[in-house]
Amino acid sequence: MPLVFLAPLFAAGATLVVVPWLVHQIRRPEREPMRFSSVMFIPKSDQRIIERRRLQHLLLMALRMATFLMLAFAFSRPFLAGRLASEESGSAADHVIMLDTSFSMGAEGRFEAAIERATEIINGINAPGASDASERVALLTFASSPRVLAALEAEDDVLAGSSEAARAALTGASLSEESTNYASAIARAGEILARNVDRDSDEAKPSGSPDAGDDRRRIIHVISDFQSAGLSAGEIHRKLPPFIELRPVDVGGHASDESGGNRSVVDIAVREIAGDKLRIQAKIKNWSESDSHDGRVRLIVGEKTVVENEFAVGPRNATQTSFEVEIQGRSRVEGRVEIGADELPIDDRRWFAWGAPRARSVLLIADPKPEVRWPASWFLTHAINPGADLPWETATVGQKDFAARLLNDPVRPDVVMACDLKGMSEGAATSLLDYAAGGGSVLLALNSSFEADALNERLLDDLSLRSEGLLRAGASPRRFSLLSWLDLDHQIFAPFRGAQYNDFSQIRFYNYHRIGPTAGMAEGEGFAGMNVLARLEGLQSGEKFPAIIEVAHGQGNFIIWTFGFELAMTNLPKDVRSLPIVQQTLRHLTGAADERLHWVIGETLHGAVRPSPSDDLWRLVEPGEASRELTGAELARFLALPMRRSGIESWSAAGDGVASSVAINLDSRESDPQRVAPEEFVHRFMSVRPDETSSLVAGDHSQEADAEGLAEGLAGGRELGRWFIGAMFALLLVECWYAPRLVR
Amino acid sequence: MQQTLQFIDPTQLARISDLHLLARTVVEGFLSGMHRSPHAGASIEFAQYRPYAQGDDLRFVDWKLYGRTDRLHVKQFQDETNLRCTLLLDCSASMDYGSGALTKFKYAQMLVAALAMILRSQRDAVGLIAYHEKRVTHLPPRSDELHLRRILSEVQRLAPERATNTESTLQFLGDVLKPRGMVILVSDLLHPADAMIDQLRSLRARRHDVIVFQISDRAEQTFPFERSTTFIDAESTSELFAVPDLVREQYLENRSKHFDAIRRECLAGEIDLKEFSTDEPLDRALTFYFHHRSRALMTSSAKRGRARVRS
C-alpha cells in the first residue's frame, strides 16, 4: 500500500524539521557558558540528572520536529493507495476501458497515445469471448457523456466482452468536440460492473457488493489527460464501491512539456452599434507558460476574411480584440473569429451569429365597452405602444372575429391577449385552446363579465382549472385584497427583485376570480402544468387564491390574470408598475427573452425555437453537414438533443423563409491545461468508508451493503491529511504539556 | 525613602565618567538633603550651655546671656574628632560581575569616591588601599584636597582582576595604621572568611572602627537563572555545569550560611557589616556610614564616662 503525496510540493516543507534542530543547537547550554562571580555556593549537579535532562531535551526536539513534519505532510495531502483483495488472488477480471475523447485529447499525439495504451491494455487481457471466460473487457468512450462502444456482455453477441470486440470497437473511437465530464462516465462504468456483480451474486445478497464466492476482479482503466475541468463538470454523487479498482492511465504529459503551448478564443460577444455596424469582441487566452507575440486573429464572415488584427498576450493571461462589420441591410450575420493554429487547433476559433431583432405580433381580443371609460384594452395597448421603440406589432380584433382571423391570417400571432371580453363564447374559447395547443401563447385577463360555469365549461376545464366565481358580487373600493406573495424568480417579476422595488402594498384588488386546480389535482403536486406566479392574501376562511397563473396547454401556454386588469377590479393599471409587468409578460410569452444566439456544445436549444408540430417542412443545416428537410415535430425533437458539433446551426421554415441560426462553440474550460494528479483522481472516485460506497446507478444499496465485507481488505485508497493534522495537534498538546515540565 | 530614591540612581551616576565630579555630585546632593549634623562643622563647635560652677573658666561664660537672664552660664564645645579613615577596595575579578547596568566594582568605585569626598569635607584624613591577591594601591590617610584628588584618580584607574586575598591586606593595614582610626572595607566577601574575620578583629583590638560594605549583585542574591548553564568562576576560571532549577535552593542556602557566619562574627567583634545591592541608591550606603559615625561617637563617649568636652 504505497503512500503518495497528491500535492508533493508541500512535502518540501518537511525540510522545516531543521528549524527545531537549529534552535536546539543554538540554544544548547553547553554552547553558552556564563561567567559568574563565584561558583563557591553552586553545588554540583548529579550527572544522571544532566543525562536525563539531555534526553528530555532530545525528546522535546523530536516532538517539535515531528510536529513540523506532520504539518508539512498534511499540506502535501498524503494518500494511501488502496489495494484490492482480489488483486492478490490473480483471479479472473472484468475490465472497463474508458477512453477520453474530449477535444483536449486532440493535442499533439495525445489521442494516438491513448489509443496505443488502450490497445496495450486490451492485448494484455485474455478475453476469448465466451461468457464464462476468465477475463472480459468493455470499451467506453466519454467526453461530456459516456458512450459504450463494446459491452461487457450481450445476449445476441457471443463476442461481447472479448478482446476482439473491444479491439474492433477501438478502431471506431474518434475525437469529439465535447468537454470532459468524468463523473457521468465513471458512474456509467461503475454501473456496468455493478450490474455484473448483481447478476453474478446471490439474489438474496444486497446489490452492489460482491458475492463471497465471486472473486472476479473489477477494474476500470481510465485513459485520459486528467484535466481539472473534467472533475468540476459533474457532481460526484457516489463513489465507486471498493471492490472496483480504478486505474488511471495518464496520457496528458505535463503542461510544462508542451512544446508550443495552447492559445484559444474563449469568448465572443456581438452587439449592434450606431451606423448599421456590428462590433464583435473576442477574448483570446494564452494557456501556456510563455509569452505569445505576433499572434494574428482574423474575423471570417461567410468563409471570407474580413479583418485581421495582431495580438500579444502574456503567459496564463488573456487579451481582447474587437472588429467592426457593416450590416448592409442584412438580417443575419454569421461567421467566426480565428487565430493561428497551435498544438490544439480545435479551440483556435469561435463562432458567432447575429440576427436583427424581429418584431413580435400581438393580437388583442377585446369587445367594445363604451360604458367603460378606461377599459383594460386601453391600458394594455398603451403599455405596448407600437409607436415606441418596442418590439411589438399590435392588432385588435373582436371576440366574434377572432376565430376567423386566426384561420385566415397567414402569419400566426406570437401572442394573443384577451381582455374586455363580454363572457367567453364557445368558438372563441375553442380557438384560444387550439391556438395554445399549437404552440401559441395567451394572456387572458378575466374581467367581471365572465360567468364561472360558462368559463369552466368552455375554457378552464381543458386547462385543469376551475373557477368558483367572483370573490364578491359588487366591488367596492373600501374592500380590497393585497398581494401576499410574488414569484420573484420568475421572469415576469425580474424587474422587482430589488428590495426597494417590490413594495406592492399600494396595489389593491377589489374583486377577482377565485380560481384553483380542478378537484383531485393538488396544486403543485399532481398537476405540474400549473404555476402560480402571484397570490392574493388569504380570506377569512384561510384560502389564498392566485392572482396570476401560468398553465401549459399543448405546445403553448396561458397566463391568466384573475383580476381582469380593469379599474373596477384593481388599481394596478393606474400604477406605474403595471408597465414592466405587461412588458415582461409579453416577453416571457413570446420567448423574446430566451433568444440566445450563442450556445455551448452539450447544451440543448430549448427555448431558442418553437417550431410548430405541424407537418410543415423545415430546412436544417448542421455544422459541417449538408442541409436536410424535417417536419416541425422532427425538428423540435432534434433541437431537444444536446449539440455535438461546433459551428453555425440554422433552420428555416420552408414556407415563409424566416430563418434562425445559432452559433455553437466549444466549452472553453476544456482548453485549460490545469491537470489533476492521477492519485487524486482515484481518491475522488474511490470510496474510503463503506458508507460512501454505492452501486452508483443501480440504486442506493450502500446502506444495505455488508460493511464488514467491504472493510475486509477491500478498502480503496484513503487520504490521510486529516490524520496528519490530528497527529500534529496531538503532538502540539503533548509538547505544551511536556515543555513546561521539562527541567531546564 | 522615596526622596532618597529620587536622589541618586546608581545607573545614572555611572554615566559620569569623572569620578571626582561623580563623588561631588553624590556628596553635595546627599548633604543638602540632610539635617544639620553635629559632625559637619569645622574646628570647635558649640554644644550646649551649663550653669556656671565654681572653678569654671570665666572665658567660657556667656556674658550676653547673663545680661538677658541675670544668671551665669558657661558654653560647652564639642571637640574635633581628627578621624583617620582608610578605605579598602576589593579589586578582585569577582567584583567585575553585574547582571544589571552596573558591576559590583563600578558600584564600589562610586561608593569609595563618595566616602572619600565626605570624609574630606569633614576635614578627616582619608587613605586608600586597593587590593586583590596583592596590594595594588596604598595611599596613607591625609586630609588635603590634593590627596583626595589623588585617591579619586587612583580609584578611577583601577580595574578588577585576579583572585582575592583580603586577610594579608588587613594584616598589612594593622601593621601600618596608627591606632584609633577607621577602616572601611568595600568587598563582595566572596572568599573564605575565617582569616579575614580574625584580621578584622585584630583591627578592632587596636581600637579601629571597622565598617564592612558588602557589595552584592541581585543575581547573586536570588540566582534567577532558568536555563542550564556552565558557570565559570570569575577568579579561578573553574567551570561548573548546573541546572538552576535544581541547584537554586542549595545555592541560596550555601550563600546564606557563608554570610550569616561572617555577620555573626562581625557582630561579635563589634564590626559593622551591611550588604548593598548594585541596584540600590548610593545614599543608602552613605546614610549607613553617618549613622555608624554617630553611634560610634556616642559609644566611645559612653565608654569614656563622659564626652570629650572642653569647657
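Student: In what order do the three strands of the open sheet that includes E8(B) stand?
Tutor: In this predicted model, three strands form an open sheet with mixed pairing. Strand E2 (34–36) of chain A and strand E9 (239–242) of chain B stand at the edges, each with a single partner strand, so one side of each lacks a neighbour in the sheet. Neighbouring strands are turned by 35° against each other on average, direction ignored. The order is E2(A)-E8(B)-E9(B).

Student: Over how many bridges do E2(A) and E8(B) pair, and in which sense, parallel or antiparallel?
Tutor: One pair of facing residues in this pairing is A:Phe36 and B:Asp233, the latter in E8(B). The strands E2(A) and E8(B) are joined by three bridges, and the sense is parallel.

Student: Which residue of E9(B) is the bridge partner of B:Thr229?
Tutor: Strand E8 of chain B covers residues 229–233 and pairs with E9(B) over four bridges in the antiparallel sense. Within E9(B), the partner of B:Thr229 is B:Ala242.

Student: Which element gives the most residues to the side of chain B that touches chain A?
Tutor: The contact between the chains involves 30 residues of chain B and 21 residues of chain A. On the chain B side, E8, E9 and helix H10 (244–268) each supply at least two residues. With eight residues, the element that gives the most is H10(B).

Student: How do the residues on the side of chain B that touches chain A divide into nonpolar, polar and charged?
Tutor: This side of chain B consists of the 30 residues in contact with chain A. They divide into twelve nonpolar, eight polar and ten charged.

Student: How many residues of strand E4 of chain A are buried?
Tutor: Strand E4 of chain A spans residues 93–100 and is mostly covered. On one face A:Ala93, A:His95, A:Ile97 and A:Leu99 are buried, and on the other A:Asp94, A:Val96, A:Met98 and A:Asp100 are buried as well.

Student: Which residue of E5(A) stands opposite A:Val96?
Tutor: E4(A) pairs with strand E5 (residues 135–142) of chain A in the parallel sense, over eight bridges. In E5(A), the residue opposite A:Val96 is A:Ala138.

Student: What is the bridge partner of A:Ala93 in E7(A)?
Tutor: E4(A) also runs parallel to strand E7 (residues 217–224) of chain A, and seven bridges join them. In E7(A), the partner of A:Ala93 is A:Arg217.

Student: What percentage of the contacts in chain A between residues at least 6 apart in sequence join residues at least 24 apart?
Tutor: The secondary structure of chain A comprises 17 helices and 31 strands. Of its 744 residues, 40% are buried. Among contacts between residues at least 6 apart in sequence, the share joining residues at least 24 apart is 76%.

Student: Why is A:Val266 buried?
Tutor: A:Val266 belongs to strand E9 (residues 263–273) of chain A. A residue counts as buried if 20 or more other C-beta atoms lie within 10 Å of its own. A:Val266 is therefore buried, because the number of other C-beta atoms within 10 Å is 20.

Student: How many Å apart in space are A:Val266 and A:Ser671, C-alpha to C-alpha?
Tutor: Leaving aside neighbours within four places in sequence, A:Val266 is in contact with A:Lys283, A:Lys285, A:Ala318, A:Ser668 and A:Ser671. In sequence, A:Val266 and A:Ser671 are 405 residues apart. In space, their C-alpha to C-alpha separation is 8.5 Å.

Key: Residues are numbered from 1 along each chain as its sequence is written. Chains are lettered from A and ligands numbered from 1 in the order in which they are written. This is a predicted model: local features need pLDDT of at least 70, side-chain atom pairs count only at pLDDT 80 or more; totals for chains, interfaces and linings use all residues. Two strands pair if DSSP finds at least two bridges between them. Axes are lines fitted to C-alpha atoms, for helices over the stretch in contact, and angles run from 0 to 180 degrees between N-to-C directions. A residue is buried if 20 or more other C-beta atoms lie within 10 Å of its own, exposed if 12 or fewer, and partly exposed in between; C-beta atoms are placed from the backbone. Two residues are in contact if their C-beta atoms, placed from the backbone, lie within 7 Å. Ala, Val, Leu, Ile, Met, Phe, Trp, Tyr, Cys and Pro count as nonpolar, Asp, Glu, Lys and Arg as charged, and the others, Gly among them, as polar.
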